[in-house]
Amino acid sequence: MIKRLFCFLAILLSISFSSYAMTDSVICRMSDADGRYREHNCDFTNITLDVRFVPKEGRVIGKETLLFTPIQSLIDSVYLDAPGIIIKKLLLDKAAVNVSFDTTKTGVIVRFPKQKLKWDEKHSLYIEYEAIPRHGLYFIGWNDEKNLSRKQIWTQGQGIDNRYWFPCYDDVDDKVITETTVTFDKAYTVVSNGNLLDTKINADSTKTWHYAMTKPHSPYLVMLAIDKYAYKDYKSDAGVVSREYYYADHPEVEAPTYQYSKEMMDWLPREIGIPYPWQTYSNTPVQDFMYGAMENTTATVYGDFYQGDKRALLEKPYMGVNAHELTHQWFGDYITEYSATHHWLHESFATYYSKIFLRHMLGEDQYQMAKRGEALSAIQADRENRYPVAHSKAGTARHYPKGSFVLGMLRYVVGDEIYKRSIVHYLKKHANENVDTHDFYRSFMETAGVNLDWFFDEWVYHSGVPSYNVNYEARNDKTIFYVEQVHATDSLIHYFRMPLVFEVNYTDHTRDTVRAMVSNQYDTVMVPNRAAKTIAYTVFDPGYNVLRTMRISRPYQELLAQAHDARNMIDRFDAVQALRDTAVDRKEADLIRIFATEKNFNIRAEVVYQLRHDSTPDGIGLLGKALKDDDFNVRRAAAERLEIIPRTLLASYEGLLGDTSYVTIEIALRKLVGQYPENKERYLATVKNTVGISKNVRIAYLELRCADSLAACKSELIDYTSHSYEFRTRVKAMEALERLNYNDDRLIINITDAVLNPNTRLSGPAERTLGKFLKKPEVKEAFKVYYEAGNWQDWQKEKLKGLME
């Protein structure tokens, strides 16, 4: 695919910061038509919603008032996004007569034929409507025949889906003050944005909940969540209450899920530099959520797969997601992108601050490993395509991990003081407004006189990462580093300009470091060694502060010294990982010593990986220790990486069937049954009463049991594929039945239901499974009969027909 480019000649002036200089160059940026700001002819200022629901029909019945002001001299119409919404009544300025309107596939054109509306006048639209939305608002479990599913209603407005359940100008470049009134069964709790002003019990056994915001936010952030919730309030030192909801029938999950909530609300305002910008905050779990979580203003919604007891949260702790969504209350809700080009101003910031909260709570090692994960994602994304971070098509890997790493580099370049002052200025200047990338760039100039055009050009407006070849030469009084940038260059990527640290470590455990600007294809950096000390090892960019790839050739003893002694965990990890190509007989004893002395589980897991095939007594001994390690991550690494379980380790491996980690139990069960089938009954009996997370252990048990006796367990597996269960359980059960190569009419009905589900994390796997089954002529014929007998909507017909072709 050929991408259109526009190029312009940029004369880059020398800047006063850290004596950096830059030559004239041609900069080419990738165009972004989908990031164009949306035009509109009026400014909506307020939305007041009053809604009821008919859950079994998936129906919304609403009344809405929108306040607006024309922002053009004269307007004769207003457009509202409202696909599929049926307008029952529409009034201008509370007049008694309906205003004329035209309904299109995507919305409503409200016309003012008698008089045009003028600049700066204030007007209102009153609308009564009904909708059966496919997107934006979801009814969960109301038609579950077995009554096993939770009964919920919840919304997901991002990107532009709230338009499906209430008419509005549904885009990021407008902000409104919202007020929401919801009437529903009094047995349920309703959560929405802002302050809960009041509730009222009605004569028909319903309850009315009235919420209101006091400051404007974008329409996609309007939310509702309804279920039988309980909650606990956490108050920050500044007096902000975080109301943390959980399912009333599962009180055991509250404390482990929200254990860091108060600390988070205390720490983030200090770190960001301004107080929490809203009046309230809450977290609410929902079933079958299609993402991880959503930062609705004052009211985050998240997938209930993040809610669990201590054992379940070993696999998916909510802490990082919780911090990410709370950060969005500043970056995304308080200030909001003008268009999708600038989406990184939301997600990169939320990812970055959640990462440094991780460091605050869990330490530097966890932070450094998180950065490594971000770097790997970013590098892979840049191999796949060449979109920059500031682009509507940048994708998850750039909007989240790469952008987060870029913010860390920005802080590394300018220092903490300038970074923090610029962030505070940026937030205060644009409070409750829309922003673009240039606003963020300009904040550094306005705060500290620092021109970072070169940095934004390299890391925000262009793709790629630098690739370095590094060598060094030791002389009596200095160490000379030779750095070559070896990545290909063209109109979209140049040689990178970044300050890099060069560290020389000596055998007496002292070190010398130099920070120098590297900007050319070839650069030379000198680190003084005035005492002519003996070098133990060198580190290029200690702590991995610059996103890059690197090739450097070092002798075994130097790697070993770094693996033992480097200050930064990530530098020790890199040294151990660099030993992968070294013969086992040479490194075995050294790796065993590292395993014994190293505290970080990532490094210890890497040792396990490298010695997984070691059949010597010492190697077997290390693997046995790993299987019984106190850290479940190390036990998991041993369980996964030990491909063949030797009889000498069988008893230790069998112990994993009682592990604290449900995932480790499943791994162990499948491997043990596969390699020691004579013990299958004993293994299955051991885990028979273990359910796991999303029933992972139970489904593995049933699958392995079904291999011998399909009749004994197929019914339960098929049940788990139905809409009585949450989507992760359904996917696991479908995949198990696919591996068993079993299907029947009931399974096909359940999979078809999953194919039509709006959650792509369910519908995607269901389509793949159904597609494989439909390759069998008898299944295809049975499915055709089922399809032809069904009463399908047009979009359902189209989707199901496509699967049969």
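**Notes on the predicted model**

1. Gly 159 sits in the loop that runs between strand S13 (152–155) and strand S14 (177–185), where helices (H or I, at least four residues) and strands (E, at least two) are DSSP runs numbered from the N terminus. The peptide bond between Gln 158 and Gly 159 is cis, with omega at about -5 degrees. Most residues other than glycine have a negative phi, and most peptide bonds are trans. This is a predicted model, in which local features need pLDDT of at least 70 and side-chain atom pairs count only at pLDDT 80 or more, while totals for chains, interfaces and linings use all residues. Residues are numbered from 1 along each chain as its sequence is written, and side-chain values use heavy atoms, with hydrogens and water left out.

2. The loop between S13 and S14 also holds Arg 163, which counts as buried because its relative accessibility is 11% (buried means under 20% relative accessible area, exposed over 50%, and partly exposed in between, with a 1.4 Å probe and protein chains only). The side chain of Arg 163 makes a polar contact with the side chain of Asp 81 at 3.4 Å, and the side chain of Arg 163 also reaches the backbone oxygen of Ile 160 at 3.1 Å. A polar contact here is a pair of N or O atoms within 3.5 Å; within protein, one must be able to donate a hydrogen and the other to accept it, and residues adjacent in sequence count only if both atoms are side-chain atoms. Not counting residues up to four places away in sequence, Arg 163 touches Arg 38, Asp 81, Ala 82, Pro 83, Ile 85, Cys 168 and Asp 170, contact meaning heavy atoms within 4.5 Å.

3. Lys 94, in the loop between strand S7 (86–92) and strand S8 (101–103), has a positive phi near 60 degrees, and at 72% relative accessibility Lys 94 counts as exposed. His 509, in the loop between strand S28 (498–506) and strand S29 (511–518), has a positive phi of about 70 degrees, and His 509 is exposed, with a relative accessible area of 60%.

4. The side chain of His 324 reaches the backbone nitrogen of Thr 351 at 3.5 Å, and, leaving aside neighbours within four places in sequence, His 324 is in contact with Glu 347, Ala 350, Thr 351, Ser 354 and Tyr 400.

5. Helix H8 (residues 437–448) has 12 residues and reaches 18 Å from its first C-alpha to its last, close to the 16 Å expected at 1.5 Å a residue, the expected span being 1.5 Å times one less than the number of residues.

6. Helix H22 (residues 745–755) has among its buried residues Leu 747, Ile 748, Asn 750 and Ile 751. The buried residues of H22 pack against helix H20 (710–720), helix H21 (727–739), helix H23 (760–773), helix H24 (777–789) and helix H25 (794–804). The N-terminal end of H22 is capped by Asp 744, which has a side-chain oxygen 3.2 Å from the backbone nitrogen of Arg 746.

7. Finally, Thr 524 lies in strand S30 (residues 522–528) and is exposed, with a relative accessible area of 55%. Leaving aside neighbours within four places in sequence, Thr 524 is in contact with Ile 480, Phe 481 and Tyr 482. The C-alpha atoms of Thr 524 and Asn 602, which are 78 residues apart along the chain, are separated by 33 Å.
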